[in-house]
Amino acid sequence: MVDWFRRTKTGLLSTEKKVIPDGLWIKCPKCSEYLYKRELERNFWICTQCQYHFRISSSNYFTILIDGDYEEFNQKMKSNDPLKFKDSKRYSDRVKEAHAKTGLYDAVVTVEGDIDKHRVVLCVMDFNFVGGSMGSVVGEKISRAIDRAREKKLPLIIVSSSGGARMQEGVLSLMQMAKTSAKLAQFHGEGGFFISILTDPTTGGTTASFAMLGDIIIAEPGALIGFAGERVIKQTIGKDLPEGFQRAEFLLEKGFVDMIIGRSEIKKTIIKLLDFFNDKN
Amino acid sequence: MAKLTLEFEKPILELEQKIDEMRELSRVNGVDLIDEIQKLDEKLNKLVKKTYSNLNRWQRVQLARHPDRPYTLDYLDKMCSEFIEIHGDRHFADDKSIIAGFATIEKHKVVVIGHQKGRNIKENVYRNFGSPHPEGYRKALRAMKLAEKFNKPVISFIDTQGAYPGIGAEERGQAEAIARNLFEMSRLRTPILICVIGEGASGGALGIGVGDRNIVLENTWYSVISPEGCASILYRDAGKANIAAESMKVTAQDLYELGVADELVTEPDGSAHRNPDATAKKLKSAILRNLDELCAIPADELVRLRIEKYSKMGSWDEE
Ligand SMILES: [Zn+2]
């Protein structure tokens, strides 16, 4: 399910290269234009030439969406490697390296904060941490965020960017799909409002659980969104895939997302939706 | 005659052939070989027991895929006095890789859903090798909604190598269909009993696999990805699936230990494919016992317990 790793082999853009590098000038992976980092930052990490939406970290997303400070919860929850999994590397070492690289403890950050006049619970996944994959920690943190939104009667927003479920936790990762979906069913039953935002990439078990269960589903332009990985589909059907397959625009056309909104406009759109739905008081 | 003899089963097959030959010899020539045959029969019993009780994870995966293993419709045939099949998702098509219908098992009227594989090429083309499209999940959901409306328990049989990875499947929302089922199954106001009878690959299995109790047969596997898929990603070599099966801990016993399975049903003489009738009988008695228990729980409580059960799954550390 986690196809972020496979993708590097197929000659497509390597995820490593797509993550924003340091330095003053950054090359756009889509149009190859060199962009000034400060300007890119001001422009919501959208290429000024071709509108390519760079993959950004969770902290960048908080800056884009939340007014001022926010309160992070369950920050230090971390994997205890339940299967004692090892391939070329120990899974526990992989997690440690990801922590050293990102400062995060796992692939989702959950906070409570304000968007305009609305208090919200916001979860942002981070692709830089083991491909944004969902293991027990991601599942548990998102479940607790849903519970918090339900108990405090706050709207819930989840920003997904994930290669799918985390192989190194086996069936326990798979069960996080059921767990988060069950929590959302409970939230839904009590009238909770949930906006799901799909960014590049949202695939596998993440798509096939909470990401597709929003009352409203918003996708970023050009985001890869799907269930099966491109290579697996190609291998199975023995054909090339149509252009734009599994991109946000394709999903809009097929009826699986409500709207595609550029990152510069997304906060405005969310405020409008919150004004419309979150008007209980 | 078995369709497939796995490497570790060969000594059993050889011994069986030897016994058959002796029986034949005894019959044709009128030679009294009763003692010899009896000795070999005892030897065979010991060998069978020894073989199937000492399997590694990869060998169990191979058994889970054995073409002589009973499939969903075989179990229905062996367990139910009645089965009425329904078809179609009312939106696009009828997916033959998932069956749905109404069955009678002893005193219980139940809604049954399950993956269905084929036994030969022709059947497998018809069943798409047990790999569903979105329509399969939506048909299953339609059946489950009927169960809820008419207060009938649901039994779901899990046996798939995964949801189908194809263009049409993606176009018609494979991810949405699975997500919707997880959501709806977690709050369905009627008992859901899951039986893992073969392979449980990823979201394609879980898409009809959320329930109150999870019964697993001994020689089954269930994980987030197939051992081959895991091996081709982590080791860049699908041939290392045996290592991946060990690392991911994919067997029924593992599931039970990880808290994902509630009950492990051992297979008679160690293998369902050699003993389909006895296996069905054992599974049926486990199903009936669980149905009796679940049907006594009020719907509100059932849903509360189900969500609580999934809330506990996983393993993490906190400061
Ligand atoms: Zn560009």
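I began with the domain layout and looked up chain A, where the C-alpha centres of domain 1 and domain 2 of chain A lie 23 Å apart. This is a predicted model, in which local features need pLDDT of at least 70 and side-chain atom pairs count only at pLDDT 80 or more, while totals for chains, interfaces and linings use all residues. Residues are numbered from 1 along each chain as its sequence is written, and chains are lettered from A and ligands numbered from 1 in the order in which they are written.

I noted the bounds of chain A as 4–10 + 57–277 for domain 1 and 20–54 for domain 2; such bounds come from an automatic or database domain assignment. Between these two domains of chain A, nine residues of domain 1 are in contact with six residues of domain 2 (contact: C-beta atoms, placed from the backbone, within 7 Å). The domain 1 side of that contact in chain A divides into two nonpolar, four polar and three charged residues (Ala, Val, Leu, Ile, Met, Phe, Trp, Tyr, Cys and Pro count as nonpolar, Asp, Glu, Lys and Arg as charged, and the others, Gly among them, as polar).

For chain B I found domain 1 at 7–54 and domain 2 at 61–311, with their C-alpha centres 36 Å apart.

I then traced the sheet of chain A, an open one of seven strands in the order β3-β5-β6-β7-β8-β9-β10 with mixed pairing. Helices (H or I, at least four residues) and strands (E, at least two) are DSSP runs, numbered from the N terminus, and two strands pair if DSSP finds at least two bridges between them. The edge strands of chain A are β3 (67–72) and β10 (259–260), each pairing on one side only. Four bridges join β3(A) to the antiparallel β5(A), residues 108–115, and Tyr70(A) has Gly113(A) of β5(A) as its bridge partner.

Next I checked a helix against this sheet: α6(A), residues 136–152, lies across β5, β6 and β7 of chain A and runs at about 25° to β5(A) (axes are lines fitted to C-alpha atoms, for helices over the stretch in contact, with angles from 0 to 180 degrees between N-to-C directions).
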